[in-house]
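Hello,

Here is the structure I promised to pass on to you. Have a look at it first, and then read my notes below.

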Amino acid sequence: MTHRLLALAVLFTLLTGSLARASPVAAQTVQQEPDQLQQRPARRITVSFQDADIRDVLAVFAEFTGRSIVPGSGVAGTVNAEITNQPWDVALEALMRANGFAIEYLPSGIIRVDAVERLRARAELEPLVTRTFRINYVPAAELVTTLAGMKTARGAVVANPSTNTLIVTDVEGVVSSIGAMVGQLDIRTPQVAIQSKIIFVNRTDAEELGITYDLKDSRGNQLNRLVAAPDPRQPVQPGQPVPRTNESVILLGGSSIAALGNANARVVGASLETVISLVLGRYTLIAFIDALQLAELADVQAAPVITTLDNQQAQIFVGERTPIRVVDVGGGAGAGTGGGGLAAPRATAQLVETGIRLRVTPHITADRRILMELHAERSAAQLAATDIGVVFQTQEATTRLMVEDGETAVIGGLTVSEVTRTRAGIPVLMDLPFVGALFRTTRNREQKRDLLIMVTPRIVDDRN
């Protein structure tokens, strides 16, 4: 059996190049520190075992790697396996697990092989050591949760926030493993500078034309909603102005006529107001011609810039807090009424934030692309057309996208068009051809709102 095993060892030695004693690189590997040994990529091995004693198998791996492999007293059995071009540490661990054994890498570089129960019992008897690790780039408290799963039942991982230091107490092997993990986690994190541009354009075009008629009878019926007229119910005092009224005056029992056209269709904020008055005996015809043409353009551009660490959420807000009055009409019983009445209305104020808001969480991928979870918002408050107070106009976009370093991406584009056309006038007359425009009021209003959100991320780090 021994001759067969040695023959196999010579065979895979010829295939892989050389043994540790014949390889200058392997000879240097033995002299390096254990941490450097674990960081080097493992050499690949091709070997076949048939009814080979497990201790002889460990001797073959020790000869191949130049490492010291110490089996426990209970390590025994035969191995049958075929390994082709695999890293030696992966192959060794797979062989030991298949035969019910575990591997322990000691800080000195020695590999210990034994049953799982024996390794656990030995770990419980080993003395505890304490080491401190100075953390440079991340909060030490965040590493406690990450490293808690690596400690044994007797170990402890504690963070000191004042010095940002990690204190680890455990057996030597676990402390070394935690130290290696700390070295991989405590690394300088690159930063991402995110520049965005939010463009909001509001265009409003309005045209209004209205003609209003008022026919009055100075001795009879008068509809005084548009123009005040002398009040026949009050006598004129000598030396005093003639009393006038806006109330309608109705004459009963006499012949009289009064008319009012388009009284509720006046143009608000008219740029042109023309009054035409025609007196025919006791009758007066008054006509109002109102005209308005309006063109408004509101261009709001915001370019917030924010810099944050990789995988850390950042937010920037520029705006104002608008107080909103909330009235509670009182749905419960009022105090001092014996529970039978309603409480008096109470008014409270709430602050609502409006403005430009940018919230982003970047993530730098392995190929130096930037994956972002981004939320951009633009909001404003304006007075409502009714007595309800104010209304809030909000444009926002929430997305997740990946872009190149320095590339500009359009994450949101929105165009809203509102066209309103209104015709109001005197029935029948407003629909007459050619002259119908004299008996109606027309309103044409067109509003367009454009929203464009662009974002440009850049990685801020020192590659050197």
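A word on terms before we start: a residue is called buried when its relative accessible area is under 20%, exposed when it is over 50%, and partly exposed in between, using a 1.4 Å probe and protein chains only. Please keep in mind that this is a predicted model, in which local features need pLDDT of at least 70 and side-chain atom pairs count only at pLDDT 80 or more, while totals for chains, interfaces and linings use all residues. Residues are numbered from 1 along each chain as its sequence is written, and side-chain values use heavy atoms, with hydrogens and water left out.

Let me begin with the salt bridges, where a side-chain nitrogen of Lys or Arg lies within 4 Å of a carboxyl oxygen of Asp or Glu. By this rule the count comes to 14. One of them joins the side chains of Asp-431 and Arg-423, at 3.3 Å from N to O. Are these two residues buried or exposed? Asp-431 is exposed, and Arg-423 is exposed as well. Elsewhere, Arg-321, Glu-353 and Arg-357 belong to one network, joined by salt bridges that share partners.

Another pair to look at is Arg-449 with Glu-418, whose side chains meet in a salt bridge of 3.2 Å, N to O. (Strands, marked E, are DSSP runs of at least two residues, and helices, marked H or I, are runs of at least four; both are numbered from the N terminus.) Arg-449 counts as buried at 18% relative accessibility, whereas Glu-418 is partly exposed at 36%. A further salt bridge links Asp-367 and Arg-369 at 3.5 Å, N to O. Asp-367 is partly exposed, with 48% relative accessibility, and Arg-369 is partly exposed too, with 34%.

Next, the sheet. Three strands make up an open sheet in the order E2-E5-E4, with mixed pairing; two strands pair if DSSP finds at least two bridges between them. Which strands are at the edges? They are E2 (69-71) and E4 (102-105), each of which pairs on one side only. On average, neighbouring strands of this sheet are turned by 25° against each other, direction ignored. E4 pairs with E5 (residues 111-114) in the antiparallel sense over four bridges, and Tyr-105 stands opposite Ile-111 in E5.

Two helices lie across these strands. Helix H4 (residues 54-65) lies across E2 and E5 and runs at about 170° to E2. Helix H5 (residues 88-98) lies across E2, E4 and E5, at about 140° to E4. For these angles, axes are lines fitted to C-alpha atoms, for helices over the stretch in contact (heavy atoms within 4.5 Å), and the angles run from 0 to 180 degrees between N-to-C directions.

Finally, a residue in a loop. Asp-231 is found between strand E10 (229-230) and strand E11 (244-245), and is buried, with a relative accessible area of 7%. Leaving aside residues up to four places away in sequence, Asp-231 touches Pro-243, Arg-244 and Thr-245.

Enjoy exploring!

Best wishes
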